[in-house]
Amino acid sequence: DKLFGGLLLCFALLSGGFTQEANAQKLTEVGSRTLGFGLGFGYNYYSSSSSYGSRTSSSSLPYYLRGHLDFGIADLGPTVLTVGPMIGFGHSSRRWTYANGSERRWVWTNTVIAARGAIHYDFDVPRLDCYGGLAVGPRIQTYRETWDGNRPDGYDNDVKWSSTSAYLSAGGFLGVAYGIGDRASLFGELGFGYSWFTAGVQFQI
């Protein structure tokens, strides 16, 4: 709630600090098509794994690569509704090193194909686009476990296991974009379900 309120305050201050321009660029309007590419951090789908007799552990920083295409389809007063497809790929890993020197590693990859919808609010600030929305679609997860070195007693010396599963996933986001050219803009999003923070570039096509 505090974060959302802070973003609204920021947008309000920006809108008060700019004068309206008749030829100001609107990043999103009915009929617009926006192609975006982003890199997200801070979220993954795996559950914590139990390990006994471990000495050290480490986890990679989960990342999420994403592409989206938004179509402006409806004018709702001061807002515009966009819908379109989104494709993403996520990766995360975890590693345990045991006292006997063996190392156990888990790797998760997730591919998402989702339908994305958003409401874009017009604050009358040139080149500024503020929006929030949801994305829903199937997620395909691949899991792989490997164990290298000396295994504890009772474990196979060639422990390698993998699986693939499908789930229905959903995520929400609150974002802001700012135009840096006639057709290009930078964007940042806070969200849940796919990544906590995503930043990238998008183009009007």
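**Salt bridges, spaces and surface**

Guide: Arg104 and Glu145 form a salt bridge, with 2.8 Å between the closest N and O atoms. A salt bridge here is a side-chain nitrogen of Lys or Arg within 4 Å of a carboxyl oxygen of Asp or Glu. Arg104 belongs to strand β5 and Glu145 to strand β6, so the pair ties together parts that are 41 residues apart in sequence.

Visitor: Before we go on, what kind of model is this?

Guide: This is a predicted model, in which local features need pLDDT of at least 70 and side-chain atom pairs count only at pLDDT 80 or more, while totals for chains, interfaces and linings use all residues. Residues are numbered from 1 along each chain as its sequence is written, and side-chain values use heavy atoms, with hydrogens and water left out.

Visitor: And how many helices and strands does the protein have?

Guide: The protein has 1 helix and 9 strands, in the order α-β-β-β-β-β-β-β-β-β from the N terminus. Helices (H or I, at least four residues) and strands (E, at least two) are DSSP runs, numbered from the N terminus.

Visitor: Back to Arg104 and Glu145: are they buried or exposed?

Guide: Arg104 and Glu145 are both buried. Buried means under 20% relative accessible area, exposed over 50%, and partly exposed in between, with a 1.4 Å probe and protein chains only. Of the 205 residues of the protein, 41% count as buried.

Visitor: How many salt bridges are there in the whole structure?

Guide: The search finds 6 salt bridges. One of them joins Asp122 and Lys26, whose side chains meet at 3.0 Å, N to O. Asp122 lies in the loop between β5 and β6 and Lys26 in the loop between α1 (2-17) and β1 (33-41), so this pair ties together parts that are 96 residues apart in sequence. Asp122 is partly exposed at 30% relative accessible area, and Lys26 is partly exposed at 37%.

Visitor: Which residue forms a salt bridge with Glu189?

Guide: Arg116 does, and the closest N and O atoms are 3.1 Å apart. Glu189 lies in strand β8 and Arg116 in strand β5, so the pair ties together parts that are 73 residues apart in sequence. Glu189 and Arg116 are both buried. A network of salt bridges links Arg66, Asp70, Arg116 and Glu189.

Visitor: What about the largest cavity; which residues are closest to its centre?

Guide: The largest cavity holds about 120 Å³ of space. It is lined by 17 residues, and Arg66, Gly172, Phe173, Glu189 and Tyr194 are the closest to its centre. Strand β8 gives the largest share of this lining, 4 residues.

Visitor: And the largest pocket?

Guide: The largest pocket has about 200 Å³ of space. Among its 17 lining residues, Lys26, Thr28, Glu29, Val80 and Asp122 lie nearest its centre. Two or more lining residues come from each of β4, β5 (103-121) and β6 (128-148).

Visitor: New topic: which residues form the nonpolar patch on the surface?

Guide: Leu39, Phe41, Leu61, Leu65 and Phe89 form the patch, with about 420 Å² of accessible area together. Patches are made of residues with over 30% relative accessible area and no salt bridge, with like charges joined within 9 Å and nonpolar side chains (Val, Leu, Ile, Met, Phe, Trp, Tyr) within 5 Å. Accessible areas come from the Shrake-Rupley method with a 1.4 Å probe, and for residues only the protein chains shown count as cover. Phe89 lies in strand β4 (residues 79-98) and is partly exposed at 33% relative accessible area.

Notes: On a 1 Å grid over the protein atoms alone, a cavity is a set of points where a 1.4 Å probe fits but cannot get out, and a pocket is an open set with protein on both sides within 12 Å along at least five of seven lines; lining residues have an atom within 4 Å of a point. Grid points are joined across faces, edges and corners, and a volume is the space filled by probe spheres set on the points.
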